[in-house]
Each structure stands twice: as C-alpha cells, then as structure tokens.
Amino acid sequence: MLRTLLLATALAAAPAAADPAHDLTVAALPALMEQYRDFHAHPELSLHETATAAKLAEAARKAGYEVTEKVGGTGIVAVLRNGPGPVLLIRADMDGLPVIEDTGLPFASKVRATTAAGLETGVMHACGHDTHMASWIGTLQNMAATRSRWKGTLVMIAQPAEESGLGARMMLEDGLFTRFPRPQFALAFHDSASQPAGQIGVTPGYALANVDSVDLVIKGVGGHGAYPQTTKDPIVLAARIVGALQTLVSREIDPQQSAVVTVGAINGGSKHNIIGSEVTMLLTVRSFTPAIRKQLLDGIARIAKGEAIAAGMPEDRMPAMTIKDEFTPSTFNTPPLSARMQALWSARFGKDRVVATPPVMGGEDFGRYWLADNAIQSLIFWVGGVPQAKWDAAQASKSGLPSLHSAYWAPDAEKVIATATEAMTAAALDILKR
Ligand SMILES: [Zn+2]
Ligand SMILES: [Zn+2]
C-alpha cells in the first residue's frame, strides 16, 4: 500500500512524459495557423508559386536547413543532415486552383489571375495545399528541435504544379535524386473532404489512379442542315462514340478491376441549320495498373475509329486522338511502410482516429517519386478535414459535402494541421530513430 502510494506520488511529481511530436506541435500551432491563413489568402496557380516558395524557403532556412530554390521550376529542397542514417523525404505541394472562392471565410482569397488557357478566374487553395504547407513548416521545425533524438538526413521538398501533374516530374528531371541525398523513405499527406477532421486514413497498395487526359477530334464533312445527304455529320458520330465508350468499362474490363472513362466536354457546331465539320471531345481516363491503362486507351482509339468507319467517314476524316502530356501515374503506397505507420499512429491517436481507407480514382503525382526508384518505401496518407458538425449533419441528412476543388471547401484547418504535423513528426522520429 505504502509502496503504491510512494510510486503514485513519484509519478505525479515527475514532469509529464515528454512527447515532442505532440508537445512541439501544440506549441507551434498558433503560428502555423497564421501561416496557413496567409497561404490561403494568397494562392498561386501551378508553375507560378514564387511568393509561396519564398515563404517556405525562409521558414526552412530559419530552422537551420540547407535550402536550394528553383528546383524544377519553383520547387524547394531543404536538407537537414544529422549524421549517418536513413534518408527521409517529406513532400508538400504548393499550387492553388483556378476556382473563385465562395467559402465566406474571413481570410478567403480575393486573388484573380489568368490561366495559361487565357481564362480570367479567381484563384483558391481549393485542394487544401495550404494545410500541407503549414504542416510541412511545423514538421521541419519539430525535426530541427529534436535533432538529439534522431539520426540520418531529412529532405523536405515543396513541390510546384501538383494540379497539372507536372511538378514531381520537373523536380526529378532537375536532379532531385542526384543533386540531393537519395531517399529510402518518402512521405506526404493530403487533406480529405470525405473524412471527419483529425481522422487519418491509410490505403496500402494502389491508393490513387492513373490519370490520362485524352482529346478526341471527330471529323466530318459539313454542310446545310436541311441537306444531310451532302454531309458526314460529326455530331451524330460523336454521339455514337460517347455511347459506345460506355461499354469499354462495363463490357471489356475485368469487373474486379477499377477504371473510369468520362467524357467531360463535347463541343461542336455553330448554328441550328448548319452541319459542322468537327466535334472536339475531352475525356478523363482513370485506372490503377499499366495494363488496364493501355486497355482503356487502346479501346478508345479503336471505338472512335470503328464508329467513324461505320458512319462511312472517308479515310482522311478519321478521328484524331491525342493523349495529353499531363499524364499522372497512379500512386502506390508500399505495404510494409503503410502497415508500420498505421500501427504507429493507431497507438498514438487511438484506433478510431486511424482507419484503412479504400483507394480512390483521383490522381496525385506523389507516386512519381516511388516510380523513379522502387526501392523507396513510400506513403501518402489522408488527414480528414470535414468540420465535425458538418460531418455529423451530413451523416444524419445524407446530404452532400463539398469535395476537394469545390469553391466551398473550407476544412477544419486547425485539426488538419495539428494532426498532420504530429503524425508526420512522429513518423519521421520513428523512421530516423537513434
Ligand atoms: Zn487537387
Ligand atoms: Zn491536392
């Protein structure tokens, strides 16, 4: 009894068990939120992230990192060497989107810009990359403050142009793995619009899809709308192609595999009584494996050509198909690291805050780092951002919640940043532990 009492007294008198991942994050949170609001109010479009990059470079330099700017466009590489040991890469992405913000937040973006396509638009951090950057700063500061607890090298990268699928490739092509320490581990997170704020989601294996953008130009022979016999109508042909494309996934792909073919835009014609000579179709094509990707792309070409032949189109008026250069490869989370991190975070946050999430058909170019070197253990995880009250209301009413890229996407940024920074710091301390 006495012994128990003494032990209890000793425990009570001892300082709270130091948990740097948690304690440092809590202490830094007010400043991180200020940085988040600044990023949110000043978003920049893909490949134009110059002011954003400068802020990140400054934060990394202040924390004692060796900073290189303009890696692959506006990219930042911040290195902290802390003796021999593993090399861990942690990535945040910097770009906003051409979306006119409608969240009503007091720090909502009023930024306007013209896109590369000449569209005048608002700019918004509608994908939550502002939360990624604030957590990136929090993590690098935490890791600098805990040097005595880990060994190895930390490579913090801030990547441009995730939304256009170019940024990771540009950083790799600019020597990310040759000019800087080559990682054995790579981590990133994305805020989630389909999980309650503060919940972590881990998807082992394929997590995000191959994303192909395909342009189809359906050619015809134009003429008078009242004399169709003198024309080859590309609008009727385009309609047939749209219909036939629906059978690609439903009739040709193994039902156990995942695939999407969406015709997102179809443009042709000018007037009621004119049969035009061309219709343009813009498609998004999604898959996980290279084999399914090839099957879909080959199938689209075959269906377009086959329908044109069926319509009696002359050989020189066959549809033209272009697979756009902005292809984003699927993201693969290596299973051992996924399992290790899920166990680590479950122990820290509790099992109900760390869940296994199914793969999605969205895209992310984070997968390119692993594709460039399959020896890397790689994981991108989700951190839920839906404010709890909105989440609960949506569960009760089954009403919809805004998705990522929505003008209404206003995550509970404090919970996202606190959770992500703590999770990332704990992960880094575990991977690089002494
Ligand atoms: Zn996005
Ligand atoms: Zn994103």
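A salt bridge here is a side-chain nitrogen of Lys or Arg within 4 Å of a carboxyl oxygen of Asp or Glu. By that rule, the whole structure holds 17 salt bridges.

This is a predicted model: local features need pLDDT of at least 70, side-chain atom pairs count only at pLDDT 80 or more, and totals for chains, interfaces and linings use all residues. Residues are numbered from 1 along each chain as its sequence is written, chains are lettered from A and ligands numbered from 1 in the order in which they are written, and side-chain values use heavy atoms, with hydrogens and water left out.

**Stop 1: the sheet**

Show the cartoon. Helices (H or I, at least four residues) and strands (E, at least two) are DSSP runs, numbered from the N terminus. Two strands pair if DSSP finds at least two bridges between them. Look for an open sheet of 8 strands, ordered 1-2-6-3-7-18-8-17, with mixed pairing. Strand 1 (66–71) and strand 17 (354–356) are the edges; each has a single partner strand, so one side of each lacks a neighbour in the sheet. On average, neighbouring strands are turned by 25° against each other, direction ignored. Axes are lines fitted to C-alpha atoms, for helices over the stretch in contact, and angles run from 0 to 180 degrees between N-to-C directions.

Now select strand 3 (residues 87–93) and strand 7 (residues 185–196). They pair in the parallel sense over 3 bridges. L88 has F185 of strand 7 as its bridge partner.

**Stop 2: helices on the sheet**

Contact means heavy atoms within 4.5 Å. Helix 3 (residues 50–62) packs on the sheet and touches strand 1, strand 2 (75–82) and strand 6 (152–159). Its direction makes about 165° with that of strand 1. Next, pick helix 11 (residues 413–431). Helix 11 packs on the sheet too, touching strands 3, 7, 8 (200–202) and 18 (377–386), at about 155° to the direction of strand 7.

**Stop 3: the zinc pair**

Donors are N, O and S atoms within 2.8 Å of the metal (3.2 Å for Na, K and Ca); water is not among the atoms, so sites may look incomplete. Ligand 1 and ligand 2 are 3.1 Å apart, and C127 coordinates both.

Start with ligand 2. Its donors are C127 (SG), H129 (NE2) and H190 (NE2), at 2.1 to 2.4 Å. H129 lies in helix 4 (residues 129–145) and H190 in strand 7, so the pair ties together parts 61 residues apart in sequence. Buried means under 20% relative accessible area, exposed over 50%, partly exposed in between (1.4 Å probe, protein chains only). H129 is buried at 0%, and H190 is buried at 5%.

Move to ligand 1. C127 (SG), E163 (OE), E163 (OE) and H405 (NE2) coordinate this zinc ion at 2.0 to 2.6 Å. Which residue here is partly exposed? E163, at 23% relative accessibility; C127 is buried at 6%.

**Stop 4: salt bridges**

Select D19 and R348. Their side chains meet at 3.0 Å, N to O. D19 sits in the loop between helix 1 (2–13) and helix 2 (20–41), R348 in helix 8 (residues 335–349), 329 residues apart.

Then pick R340 and D430, whose closest N and O atoms are 3.0 Å apart in a salt bridge. R340 lies in helix 8 and D430 in helix 11, so the pair ties together parts 90 residues apart in sequence. R340 is partly exposed at 31%, whereas D430 is buried at 16%.

Finish with R91, D93, E364 and D365, which are linked in a network of salt bridges.
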